[in-house]
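My entries follow the order in which I checked things.

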Amino acid sequence: MTAMDNRPLQARALISELEGHLLIEATRAEGRAEAVRFTRALAWLTDTQREEVEARYQENYLALTRRSWERTAQRGRDLRAECEERYRSLRRRLCAGLLLGTALALAAAVMMSVPNG
């Protein structure tokens, strides 16, 4: 492989990494916004208490989201494995069918070419 061959892989890896960072930052922003909405209803909190509740809410939001992403990724891996196994099984059946069909056609050709009698 030349250096030119590696560039598309590096670009894809870089793009995936950037997408990951952007997704995490968007999730953090969502967590902050949800924390503010949550504490807005708790007017009796002091400013320090509000900041503490918001910080914990954000941490929990990010942890919950991360677990959800992990479950989704695992399900994707499971589905991929199932599909790959199904593909291999279908490919084996197709190959077996082709071999059987070829053997039957060859046998029929041989039977037809043998003189009767």
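I take helices as DSSP runs of H or I, at least four residues long, numbered from the N terminus. The model is predicted.

Entry one, fold. I find 2 helices and 0 strands. I looked up helix α2 and found that it covers residues 47–113.

Entry two, overall form. I boxed the C-alpha atoms along the principal axes and got roughly 110 × 40 × 15 Å. Buried residues are 7% of the 117. The accessible surface is about 10,000 Å², and carbon and sulfur atoms hold 62% of that.

I count 19 positive and 16 negative charges, with mean positions 8 Å apart. Side chains of opposite charge can pair when their charged atoms come close. I get 7 salt bridges.

Entry four, Arg56. Which residue does Arg56 form a salt bridge with? The partner is Glu52, with the closest N and O atoms 2.6 Å apart. Both sit in helix α2, 4 residues apart, about one turn. Arg56 counts as exposed because its relative accessibility is 52%, over the 50% cut-off. Glu52, at 39%, counts as partly exposed.

I see a salt bridge from Glu85 to Arg88 at 3.1 Å, N to O. These two are 3 residues apart in helix α2, so about one helical turn separates them. Glu85 is partly exposed at 38%, and Arg88 is partly exposed at 32%. Glu85 also bridges to Arg92, at 3.5 Å between the closest N and O atoms. I log Glu85, Arg88 and Arg92 as a salt-bridge network.

Conventions. Residues numbered from 1 in each chain as written. Predicted model: local features only at pLDDT ≥ 70, side-chain atom pairs only at ≥ 80, totals over all residues. Heavy atoms only, no water. Buried < 20%, exposed > 50% of the residue type's maximum accessible area, 1.4 Å probe, protein only. Areas by Shrake-Rupley, 256 points an atom, 1.4 Å probe, with all protein chains shown as cover. Lys, Arg positive; Asp, Glu negative; His and termini not counted. Charge placed at Lys NZ, Arg CZ, Asp CG, Glu CD. Salt bridge = Lys/Arg side-chain N within 4 Å of Asp/Glu carboxyl O.
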